[in-house]
Amino acid sequence: MSLVIRRLDQRDDVDGFDCGDDPLNRYLKRHAWNNQEKSAIGVTYVAVDEGAPRTVIGYFTLATASAPRAAFPPKYVRGLPQYELPLILLARLAVDRRFSNRGLGHALLSEALRISLRVADEVGCRCIVTDSYQDRMSWYARYGFVPIESAEEGPQRRMFLDLRTVRAARRDRSAGQAG
Ligand SMILES: CC(C)(COP(=O)(O)OP(=O)(O)OC[C@H]1O[C@@H](n2cnc3c(N)ncnc32)[C@H](O)[C@@H]1OP(=O)(O)O)[C@@H](O)C(=O)NCCC(=O)NCCS
């Protein structure tokens, strides 16, 4: 499989997408395009195989958000002003279950972090947050996401990752590869 991750296009085939979670399936099929092109409230990136370049097999959606400083563990916000902190919101991420456990989730999250770092270079934003299902938290924790308090109690739990940590890790990795 030769994976391509790119922005959602109107011609993409999303009808057969099934990640096993109805709200995540419905978002891609009914809302992702309008939210991206009409409402401008979230941009969706899709994973396709080069051999079937219109069939979506995974996706994520990015938007911006903010959260009160008090929501974060004190050690992460030491020295910051009492403002709402600007964030990138990883609003959705899902993989078609026919393609699970093949590293697609990893590839999607890596691309979401790459885009977030690029945005953070141009616009102030300290971290990326996501609202994770309880049973997916350990998957995000592998990448360094840490649970924080969120205003709404529900089946999901808000988790964050400091983009400075991501940047430092990528810098170390490329220095290691060069050395
Ligand atoms: C969670 C999700 C994004 C992972 O995508 P993926 O492409 O299968 O993940 P990857 O191939 O990159 O990673 C696979 C690894 O993650 C682990 N993993 C998969 N789902 C997990 C979960 N919910 N919690 C913890 N670990 C998980 C696998 O066991 C595997 O571990 P290994 O590397 O030690 O073998 C995907 O399963 C998904 O979209 N699920 C459906 C949507 C959803 O949220 N469902 C309900 C909640 S789980």
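Biologist: How do the residues of the shell around the ligand divide into nonpolar, polar and charged?

Modeller: This is a predicted model, in which local features need pLDDT of at least 70 and side-chain atom pairs count only at pLDDT 80 or more, while totals for chains, interfaces and linings use all residues. Residues are numbered from 1 along each chain as its sequence is written. A residue is near a molecule if its C-beta atom, placed from the backbone, lies within 6 Å of it. Ala, Val, Leu, Ile, Met, Phe, Trp, Tyr, Cys and Pro count as nonpolar, Asp, Glu, Lys and Arg as charged, and the others, Gly among them, as polar. Here the shell holds 8 nonpolar, 7 polar and 4 charged residues.

Biologist: Which residues are the closest to the ligand?

Modeller: Of the 19 residues that surround the ligand, the closest are Ser100, Leu104, Gly105, His106 and Trp139. Two or more shell residues come from each of S4, H3 and helix H4 (137–141). These labels denote DSSP runs numbered from the N terminus: helices (H or I, at least four residues) and strands (E, at least two).

Biologist: What is the order of the strands in the sheet?

Modeller: Strands pair if DSSP finds at least two bridges between them. The open sheet of 7 strands reads S1-S2-S3-S4-S5-S7-S6, with mixed pairing. Strand S1 (3–7) and strand S6 (146–147) are at the edges, each with a single partner strand, so one side of each has no neighbour in the sheet. S4 and S5 run parallel, joined by 4 bridges; isoleucine 88 has isoleucine 128, in S5, as its bridge partner.
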